[in-house]
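Please examine the sequence and the three-dimensional structure shown below.

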Amino acid sequence: MRNLTREEIFALSDRYLMRTYGRAPVAPVRGAGARLWDADGKEYLDFAAGVAVCSVGHCHPRVVEAIRQQAARLIHCSNLYYIEQQARLAALLAEHSGLGRVFFCNSGAEAVEGAIKLARKWAKIHKGRGSYEIITAFNSFHGRTLACITATGQLKYQKGFEPLPQGFGYVPFNDLAALEDAVNEHTCAVMLEPVQGEGGVNVADGDYLRGVRELCDRAGLLLIFDEVQCGLGRTGHLFAHEHYGVKPDIMTLAKALGGGFPIGALLAREEVAQAFGPGDHASTFGGSPLACAAGLAAVETILEENLPANAARVGAYLLERLRELASRYAFVKEVRGLGLMVGIELTQPGDPFVERCRDKGLLVNCVSGNVLRLVPPLTITRQEVDEAVNVLERVFEEEASKEGEGQP
Ligand code: PLP
């Protein structure tokens with residue numbers, strides 16, 4: 001079978017796929033480390049990394065080999081039976097998180113959906129029938145199922161899909177007093193991203209997260225951390241909540257968990273996990289031998305190559321270089337982030353910047369309309385950071401000279 005040209009790929013996609021994505025005119029066909037190659041051979045430095053998925057880099061040899069070997073042995077096995085790779089990955093995640101039990105699914109949204117169900121079930125048992133509400137933050141993002149868009153504190157994801165499920169409340173992020181006010185007799189849990197991703201790369205304050213934990217303990221609420229994007233080394237610790245010394249009762253993971261292969265996980269401490277009994281939750285494909293083999297390879301790589309430490313080190317360098325760059329351009333409002341989860345907030349729409357970076361061989365994306373998000377593989381080097389910052393500098397320079405035109 002011959003490979004399609006990029007124009008053929010665009011035409012076929014535009015003709016047959018549902019129009020749920022605004023796609024950039026790039027058709028990557030090969031990847032290695034932080035590099036991607038398009039169908040027409042153009043090379044890109046990938047600072048989007050599958051949106052924080054390819055943390056070990058594209059096609060890490062260990063992940064590729066694990067998938068190759070497992071695919072030849074056993075691809076799928078029902079959860080009616082015991083699955084070796086699933087047990088091993090659960091043990092690895094439980095040991096490193098200190099959360100006692102794991103449920104595997106296929107995506108971030110499914111992990112969040114599972115967290116919502118587990119919190120409600122736990123509350124029914126421990127707090128009574130009237131306790132079901134989950135409070136989340138404005139500008140959060142928790143996925144695209146009906147419950148997840150309702151948990152997401154952003155109207156734009158909910159509009160058009162009403163009626164939405166009941167049982168969610170919203171508060172401003174980093175505002176403890178607002179959360180205290182919002183807790184009521186129906187509340188059973190608080191769900192937060194320690195670093196909001198899609199909402200604009202917003203980092204939680206230490207006092208805030210510690211205060212949220214205390215409030216949950218005082219009011220008998222579960223604390224759920226959605227670490228689908230910020231977890232697994234991205235922020236410079238294996239889990240973002242480690243920066244704060246605050247432990248959740250439930251945590252969701254996905255994205256980087258499979259090194260590019262789809263897998264999600266829901267973790268909970270033993271006493272909370274006990275609320276789920278046989279038949280309460282399930283997934284046909286969740287925790288398949290193939291997905292868990294990929295997951296084991298990815299998580300072992302993150303641990304053995306000490307990628308959280310690289311994320312901390314190179315992330316600090318990236319922030320430093322970007323802050324220096326930002327100080328020269330009035331249209332850059334703020335550079336913020338933690339580890340290799342970085343946002344550049346602009347005073348104007350970000351999409352034209354994304355396009356110009358892409359033309360120059362750098363992939364980044366834009367969230368919240370005006371925040372350029374940089375989430376490169378955790379294997380990224382200082383040289384690759386320099387390369388990316390040089391592209392951004394050229395793009396900013398072009399913008400500045402464009403804005404300067406016509407001025408006296
Ligand atoms: N939760 C967070 C924090 C996310 O960033 C995302 C995706 O961006 C999700 C949940 C949903 O994950 P998925 O797209 O795998 O369903």
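**A guided reading of the model**

Helix H11 is followed by asparagine 306, whose phi is positive, near 50°. Helices (H or I, at least four residues) and strands (E, at least two) are DSSP runs, numbered from the N terminus. This is a predicted model, in which local features need pLDDT of at least 70 and side-chain atom pairs count only at pLDDT 80 or more, whereas totals for chains, interfaces and linings use all residues. Residues are numbered from 1 along each chain as its sequence is written, and side-chain values use heavy atoms, with hydrogens and water left out.

Helix H11 covers residues 289-304, and at 1.5 Å a residue its 16 residues should span 22 Å; the expected span of a helix is 1.5 Å times one less than its number of residues. The end C-alpha atoms of H11 are 22 Å apart, which agrees. Because 13 of the 16 residues of H11 are buried, this helix is largely enclosed by the rest of the structure. Buried means under 20% relative accessible area, exposed over 50%, and partly exposed in between (1.4 Å probe, protein chains only).

The strands come next. An open sheet is formed by 4 strands in the order S1-S2-S3-S15, with mixed pairing. Two strands pair if DSSP finds at least two bridges between them. Strand S1 (28-32) and strand S15 (362-363) are the edge strands, each pairing on one side only. S1 pairs with strand S2 (residues 35-38) in the antiparallel sense over 4 bridges. Arginine 30 has tryptophan 37, in S2, as its bridge partner.

The structure holds 29 salt bridges, a salt bridge being a side-chain nitrogen of Lys or Arg within 4 Å of a carboxyl oxygen of Asp or Glu. One of them joins arginine 35 to glutamate 384, with the closest N and O atoms 4.0 Å apart. This pair links distant parts of the chain, since arginine 35 lies in strand S2 and glutamate 384 in helix H14 (residues 382-404), 349 residues apart. Both arginine 35 and glutamate 384 are buried.

Aspartate 386 counts as partly exposed because its relative accessibility is 23%.

What of the cysteines? The structure holds 0 disulfides, a disulfide being a pair of cysteine sulfur atoms within 2.5 Å. For cysteine 148, the nearest cysteine sulfur is that of cysteine 105, 9.8 Å away. Cysteine 148 is buried, with a relative accessible area of 0%. For cysteine 230, the nearest cysteine sulfur is that of cysteine 148, 15 Å away. Cysteine 230 is buried as well, with a relative accessible area of 1%.

Finally, consider a residue in contact with the surroundings of the chain's surface calculation. Aspartate 359 lies in helix H13 (residues 351-359) and is exposed, with a relative accessible area of 55%. Aspartate 359 and tyrosine 44 are 315 residues apart in sequence and 9.3 Å apart in space, C-alpha to C-alpha.
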